[in-house]
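Please read the following report beside the sequence and the model.

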Amino acid sequence: MSNKESPVKYFLSGGFGGICTVITGHPLDTIKVRLQTMPLPGPNGVALYNGTLDCARKTIAKEGIRGLYKGMGAPLCGVAPIFAISFYGFGLGKKLIRQHDEELTPLQLFAAGAFSGIFTTIIMAPGERIKCLLQIQHDDAKPKYKGPIDCVKQLYKEGGIRTIYKGTCATLLRDIPASGMYFMTYECLKNWMTPQGGSIGIVSTILAGGCAGIANWIVGMPPDVLKSRLQSAPEGTYKNGIRDVFILLMKNEGPKALYKGCVPVMLRAFPANAACFLGFEIAMNFLNLVLPNL
């Protein structure tokens with residue numbers, strides 16, 4: 001890729017990469033949310049799920065394979081613009097930071113990535129809210145929400161735009177540092193594995209993209225747990241927002257609960273983000289070929 005940054009190409013290529021991500025990773029995302037939000041068992045009760053495989057097995061047994069793809073409409077509709085804006089923000093961040101044609105340092109790449117995290121929240125927060133509410137609907141005889149559009153309508157009736165955007169600060173808390181780690185890891189590994197003056201190969205893209213996904217979630221997992229609980233809770237449960245979620249979680253479950261759903265996240269992170277960056281690089285190479293001056 002040319003050293004000349006093109007935010008427009010980042011925008012288009014990131015959108016394509018995002019679609020690749022959702023199709024690859026949504027089933028494990030459903031499992032993650034169900035593990036994060038399952039009710040605590042009583043004194044003599046049994047946990048709803050014993051882990052990732054148990055959650056997958058029970059979901060498929062009760063709801064079929066389609067159960068793992070519940071709520072995919074919201075991220076699929078939102079993910080192209082989300083990833084497009086995220087990659088655009090990163091491309092723009094790099095352009096603003098780079099003075100001449102010099103190689104950016106890891107810290108500068110982190111700053112450009114963190115900058116991109118701010119961009120995505122306006123779309124990400126409501127999309128995540130809808131996704132979480134649909135994903136925690138199990139095999140209810142009469143689910144509360146029929147789909148993403150019905151979910152938006154009901155939320156708006158309950159409390160307007162504010163209710164749809166519930167969890168925005170929690171999303172920012174997750175996405176700013178996680179996006180910084182995400183893009184920094186990919187760019188550093190990409191530079192390390194690419195020959196001087198050459199272009200990155202498919203295997204290197206998969207490795208760098210997969211590792212970027214894991215780095216993203218190592219940083220983003222604790223705020224993601226808090227966000228999932230806040231966004232899926234009934235209205236009025238946490239009056240002080242994410243602070244109340246954190247206090248209650250620490251009191252009842254301890255620090256380990258901040259990594260609930262970690263296994264499906266890490267299992268998903270590598271292939272989903274490898275697919276994302278592979279899609280991104282393919283789209284970028286195509287755009288460089290057909291629109292070299294863009």
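Asn216 counts as buried because its relative accessibility is 14%, where buried means under 20% relative accessible area, exposed over 50% and partly exposed in between (1.4 Å probe, protein chains only). This residue belongs to helix H7; helices (H or I, at least four residues) and strands (E, at least two) are DSSP runs, numbered from the N terminus. The model is predicted, so local features need pLDDT of at least 70, side-chain atom pairs count only at pLDDT 80 or more, and totals for chains, interfaces and linings use all residues. Residues are numbered from 1 along each chain as its sequence is written, and side-chain values use heavy atoms, with hydrogens and water left out.

Leaving out residues up to four places away in sequence, Asn216 touches Ala178, Ser179 and Tyr182, a contact being heavy atoms within 4.5 Å.

Thr37 is in helix H1 and is partly exposed, with a relative accessible area of 23%. With residues up to four places away in sequence not counted, Thr37 touches Ile136, Ser228 and Ser232. Cys151 sits in helix H5, residues 148–164, and counts as buried at 0% relative accessibility. Its contacts, leaving aside neighbours within four places in sequence, are Ile130, Leu133 and Tyr145.

The table lists C-alpha to C-alpha distances for three pairs.

| Pair | Apart in sequence | Apart in space |
|---|---|---|
| Thr37 and Leu230 | 193 residues | 9.6 Å |
| Cys151 and Thr168 | 17 residues | 17 Å |

Which residues have the most contacts inside the largest nonpolar core? They are Phe83, Phe87, Tyr182 and Phe277, in a core of 23 residues. A nonpolar core is a set of buried Ala, Val, Leu, Ile, Met, Phe, Trp, Tyr and Cys residues joined through side-chain atoms within 4.5 Å. H1, H3, H4, H6, H7 and H9 each supply at least two residues of this core, and H3 gives the most, with five residues. Apart from this core lies another, of 14 residues, including Trp217, Ala233, Val265 and Ala269. Phe87 touches Tyr10, Gly14, Phe183, Cys276, Phe277 and Phe280, again not counting residues up to four places away in sequence.

Rolling a probe the size of a water molecule over the atoms shows where empty space is left. The largest pocket holds about 680 Å³ of space. On a 1 Å grid over the protein atoms alone, a pocket is an open set of points where a 1.4 Å probe fits, with protein on both sides within 12 Å along at least five of seven lines; lining residues have an atom within 4 Å of a point. Of the 35 residues lining the largest pocket, Ile82, Phe83, Met124, Glu128 and Arg174 are the closest to its centre. The largest share of this lining, ten residues, comes from H3. The lining divides into 17 nonpolar, eleven polar and seven charged residues; Ala, Val, Leu, Ile, Met, Phe, Trp, Tyr, Cys and Pro count as nonpolar, Asp, Glu, Lys and Arg as charged, and the others, Gly among them, as polar.

The protein averages a pLDDT of 86, and 96% of the residues score at least 70; pLDDT is the predictor's confidence in each residue, from 0 to 100. Among the elements, H3 has the lowest mean pLDDT (86) and H6 the highest (93). Where pLDDT is low, the predicted coordinates should not be read in detail.

Terms used
Points joined across faces, edges and corners; volume = space filled by probe spheres on them.
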